[in-house]
Amino acid sequence: VIEESDVKKIVDVSCAIPEGRKESYTKGLMFGFSGDFLTALSILIPQIENAVRYLAVECGEPVYNMNEEGIEEIKSMHAVLELEGVKESLDEDLIFALNTIFCSKFGFNMRNNVAHGMLDDQAFQSFKALYIWWFALKFCYLFCGKLQEENRSKINKKWLDGWYGFLKKCSEVSGKHSVWISKRTLGTASIPGMCSTESKSINII
């Protein structure tokens with residue numbers, strides 16, 4: 001069983017999650033471990049956007065624009081991911097994934113869909129929702145401990161393991177009791193009622 005204290009240890013040492021946001025991020029991940037992806041993503045998606053801005057500032061990039069009226073406005077998530085300092089510091093696969101999942105109209109576009117109330121309840125009980133929650137966990141974990149040094153400069157491994165491949169595996173999970181979603185063991189979580197009446201186990205390995 002995954003305890004909140006276990007997740008908190010990961011979030012606390014992740015340099016991608018700024019101080020003052022760690023409790024929110026921890027709570028969001030925990031809701032996902034209990035199968036409540038509606039609450040989990042409602043918390044995590046804004047926090048991931050903030051984390052991207054935080055990383056941009058760490059790279060020395062401005063995250064605000066001055067509009068024609070002289071009023072300072074915050075840059076969009078997509079615009080932040082296009083900043084040179086961010087591109088130089090993060091692997092292109094990670095930037096592509098962040099754009100595809102959260103910003104692109106040709107991808108999930110989850111940042112805008114959640115912010116503008118475009119999703120119904122059922123959308124939060126899909127394998128897409130499960131994948132985005134897992135991405136939030138993986139994003140946090142990538143900037144922890146021994147991984148931190150290499151990830152701060154470049155994330156070179158194929159850590160996504162092909163998100164298309166993952167979604168394909170999700171579609172084949174019917175009748176099975178576990179979905180294998182990475183290659184590094186963090187633990188096992190029970191996701192009660194995920195798209196069915198029976199519990200499924202997610203092994204993060």
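The largest nonpolar core in this predicted model holds 53 residues. Among its members, Y25, L98, F102, W133, F135 and F139 touch the most others. Two or more residues come from each of helix 1 (4-12), helix 2 (22-33), helix 3 (37-58), helix 4 (77-81), helix 6 (92-103) and helix 8 (127-142). Helix 8 makes the greatest contribution, with 13 residues. As a general point, nonpolar side chains in soluble globular proteins tend to be buried together.

I turn now to one pair of these helices. Two packed helices are described by the angle between their axes and the distance between the axes. For helix 6 and helix 8, the axes come within 12 Å and cross at roughly 145 degrees. The crossing of helix 6 past helix 8 is left-handed. On the helix 6 side, the contact is formed by L94, A97, L98, I101 and F102; helix 8 supplies Y131, I132, F135 and F139.

F102 deserves a separate word. Leaving aside residues up to four places away in sequence, F102 touches I45, I48 and M77, then N109, M110, R111 and N112, and finally I132 and F135.

My last item is D91, which is located in the loop between helix 5 (84-89) and helix 6. Is D91 buried or exposed? Its relative accessible area is 8%, under the 20% limit, so D91 counts as buried. The D91 side chain also reaches the backbone nitrogen of D93, at 2.9 Å.

Conventions. Residues numbered from 1 in each chain as written. Predicted model: local features only at pLDDT ≥ 70, side-chain atom pairs only at ≥ 80, totals over all residues. Heavy atoms only, no water. Core = buried A, V, L, I, M, F, W, Y, C linked by side-chain atoms within 4.5 Å. Buried < 20%, exposed > 50% of the residue type's maximum accessible area, 1.4 Å probe, protein only. Helix = DSSP H or I, 4+ residues; strand = E, 2+ residues; numbered from the N terminus. Contact = heavy atoms within 4.5 Å. Axes fitted to C-alpha atoms, helices over the stretch in contact; angles between N-to-C directions. Left-handed = near helix turned anticlockwise from the far one by under 90°. Polar contact = N/O pair within 3.5 Å; in protein donor to acceptor, adjacent residues only side chain to side chain.
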